[in-house]
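Please have the sequence and the model open as you read.

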Amino acid sequence: MSNDDEEMVVTPWTVSGKIDYSRLVEEFGTQPLTEDMLERIKKHTGELHLQLRRGLFFSHRDLDWILDMYEAGRRFVLYTGRGPSGPVHIGHLVPWIFTKHLQDVFGSKLYFQMTDDEKFLIHPEFTLDTSKGFAYDNALDVIATGFDPKKTKIIMDVEDSGTLYRIAVQVAKRITFSTVKATFGFTESSNIGIIFFPAIQAVPCFLETELTGENVPCLIPAAIDQDPYWRVTRDVAPKLGYFKPAQIHCKFLPGLGKGGKMSASIPETCVFTTDPPEVAEKKIWNAFTGGKPTVEEQRKLGGDPYICPIYYYEYYLFEEDDGKLKEICERCRSGELLCGEHKMMLAEKVKKFLVEHQKKREKAKDVLDEFLFKNR
Ligand code: TRP
């Protein structure tokens with residue numbers, strides 16, 4: 001289980017310890033999303049999206065350049081993805097919800113990559129069918145997020161390898177083993193599939209350009225742990241005549257336990273999109289909180305919302321209204337709002353969300369085919 005006292009580790013395959021986001025901006029060499037940038041984004045989006053207002057998206061690369069291009073009348077494509085290694089939980093939805101918002105505002109086409117190959121390669125016990133099964137299952141959650149069927153293509157890496165491979169070898173030829181070793185921590189005993197894989201994850205950045213012959217910029221909304229992929233991709237892009245892909249990075253949604261991100265491998269700390277509402281309610285009921293051990297102490301001293309997963313969920317996903325959020329925060333800190341009551345409040349919102357999402361997920365089965373890239 002993740003623990004706040006552990007050293008911070010953030011790689012595409014491991015996220016643990018207490019995450020220091022400003023340190024990541026420094027170490028990864030990205031740009032912080034400043035007030036000025038937010039003001040600029042606001043010109044296009046109107047009211048800032050909750051995830052920008054509350055700092056869930058906090059860092060970027062070349063977003064200013066993407067806006068320059070857009071303001072000069074150029075279109076750009078969006079690209080994000082999912083490693084299908086299990087069922088989808090609500091933490092995974094965070095960047096997808098934001099990507100849909102960007103698609104709505106900028107009218108952009110979206111490439112969504114399902115890396116069934118990556119997950120097959122890194123999980124010793126997986127067969128190709130294991131990750132393909134999750135890829136098709138997870139695609140329903142992607143569609144349920146509400147993307148525009150006319151502007152969204154879901155890439156299934158293995159099935160779409162025909163189109164991907166031609167571009168991937170161009171990329172791969174320009175990345176050395178020593179670069180990926182240093183960037184991803186590969187070792188002599190890493191399998192050669194995963195060593196090649198960063199070339200595959202680079203491809204969707206360039207796909208629109210390859211397919212249309214028009215040089216189209218690409219913006220990637222994704223959690224910050226994916227950044228190593230973009231660092232190598234950005235180095236290669238100009239060598240192949242493409243624009244460097246731009247990024248906007250988000251934080252991780254904390255789990256329901258004490259510290260650590262929401263992780264499918266610790267099921268009791270995460271709400272899966274397919275959890276029956278009463279199961280989700282029970283998980284919330286059992287969650288860690290920022291409360292005091294006894295009611296008397298809580299009434300006297302108040303709770304600590306800033307370490308509390310129940311409050312985080314309101315903050316990041318479930319309480320849109322800034323005024324109501326502030327009220328929740330103050331009632332918690334003053335000891336007026338007890339954890340039991342707050343858990344019940346949140347559980348109602350989560351249950352309502354799940355019922356809706358699950359309906360959309362069912363409907364997604366009928367339109368899945370329309371969303372698939374299918375080597376086109
Ligand atoms: N490697 C990612 C994962 O394991 C999946 C992925 C592929 C991705 N392409 C992406 C994520 C682009 C974000 C953006 O989850």
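A salt bridge here is a side-chain nitrogen of Lys or Arg within 4 Å of a carboxyl oxygen of Asp or Glu. By that rule, four salt bridges are counted between domain 1 and domain 2.

A word on the model: it is predicted, so local features need pLDDT of at least 70 and side-chain atom pairs count only at pLDDT 80 or more, while totals for chains, interfaces and linings use all residues. Residues are numbered from 1 along each chain as its sequence is written, and side-chain values use heavy atoms, with hydrogens and water left out.

**The two domains**

The domain assignment, with bounds from an automatic or database source, gives domain 1 (3–256) and domain 2 (267–361). Their C-alpha centres are 29 Å apart. Counting contact as heavy atoms within 4.5 Å, 20 residues of domain 1 touch 27 residues of domain 2.

The two domains bury about 2300 Å² between them, and carbon and sulfur atoms give 65% of this. Buried area is the accessible area (1.4 Å probe) that two parts lose on being put together, summed over both. On the side of domain 1, Arg 54, Ile 90 and Leu 256 supply 39% of the area buried against domain 2, more than any other three residues.

Polar contacts are pairs of N or O atoms within 3.5 Å; within protein, one must be able to donate a hydrogen and the other to accept it, and residues adjacent in sequence count only if both atoms are side-chain atoms.

**The ligand**

Which residues are closest to the ligand? They are Tyr 79, Gln 113, Glu 118, Gln 201 and Gln 226, among 14 residues that surround the ligand, each with a heavy atom within 4 Å of it.

| Side chain | Ligand atom | Distance |
|---|---|---|
| Gln 113 | nitrogen | 3.0 Å |
| Lys 119 | oxygen | 3.2 Å |
| Gln 226 | nitrogen | 2.9 Å |
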